[in-house]
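Dear colleague,

I am passing on the structure we spoke about, together with some notes on what came out of going through it. Please look it over alongside the text below.

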Amino acid sequence: MSPPPRSRFFRQLLQLTSAGICTALLAHNAHPTEVVRHSLLGGSKFPIARAVEVPAGTTIIFHSGITPAPLDPKAPAGTAAYWGDTKTQALSAFARIKESLDQLQLGFGDVVAMTVYLVGDPAKGGRMDFEGFMAAYSQFFGTAQQPHLPARSTVQVAGLVQPGMLVEIEVQLAKPQK
């Protein structure tokens, strides 16, 4: 007994759809494209991308937020002497991110998006030290050695996991599949 015409139609549709998807995936993987980073509008030279396009066939890695290591573990916990200022903490967080990326066989050039959480610095009247953060950030992004810029947001938050901590950085990365 043959299946009803409707069942046959859906089976054929499924076979065609599956074949089409497989063909499209194979065709795409045969000609991989690159990550595209769009510059800010108006010719701005601020070191972030306006947007980043990640092509299909690329592995996306969502990296947890990283906080700094204590600057002086012998100083009283939660103090500026213990953690350091925003620039010092950002440099420490970037060093810890680099260590993690090295283990994952990735680098800062693979970062396509970044979210930065800054706590208001008591020494700055409770405002985030954006300039201090940028002094650290610009050592890793937009340099001659590493020109790739991520899309980025920087926000001031009320606090982080430890008293006195001023910086947490979260990154997303794109790794082309081989």
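Predicted model: local features only at pLDDT ≥ 70, side-chain atom pairs only at ≥ 80, totals over all residues.

The secondary structure consists of four helices and six strands, which run along the sequence in the pattern α-β-β-β-α-α-β-α-β-β. Of the 178 residues in the protein, 31% are buried, and the accessible surface comes to about 10900 Å², with carbon and sulfur atoms supplying 59% of that area. Among the contacts between residues at least 6 apart in sequence, 71% join residues that are at least 24 apart.

Turning to the helices, α3, which spans residues 86-103, packs against α4 at an angle of about 35°, the two axes lying 8 Å apart, and the crossing of α3 and α4 is right-handed. On the α3 side the residues involved are T86, K87, A90, L91 and F94, and these meet G132, F133, A135, A136 and Y137 of α4.

The residue I would ask you to examine is D121, which sits in the loop between β4 (111-119) and α4 (130-137). D121 is buried and yet forms no salt bridge, since the nearest side chain of opposite charge, that of K124, is 6.2 Å away, whereas a salt bridge is counted within 4 Å. Once neighbours within four places in sequence are set aside, D121 is in contact with T86, G126, R127, M128 and L166; of these, T86 is also one of the α3 residues that meet α4.

Best regards

Conventions
Residues numbered from 1 in each chain as written. Heavy atoms only, no water. Helix = DSSP H or I, 4+ residues; strand = E, 2+ residues; numbered from the N terminus. Buried < 20%, exposed > 50% of the residue type's maximum accessible area, 1.4 Å probe, protein only. Lys, Arg positive; Asp, Glu negative; His and termini not counted. Contact = heavy atoms within 4.5 Å. Areas by Shrake-Rupley, 256 points an atom, 1.4 Å probe, with all protein chains shown as cover. Axes fitted to C-alpha atoms, helices over the stretch in contact; angles between N-to-C directions. Left-handed = near helix turned anticlockwise from the far one by under 90°.
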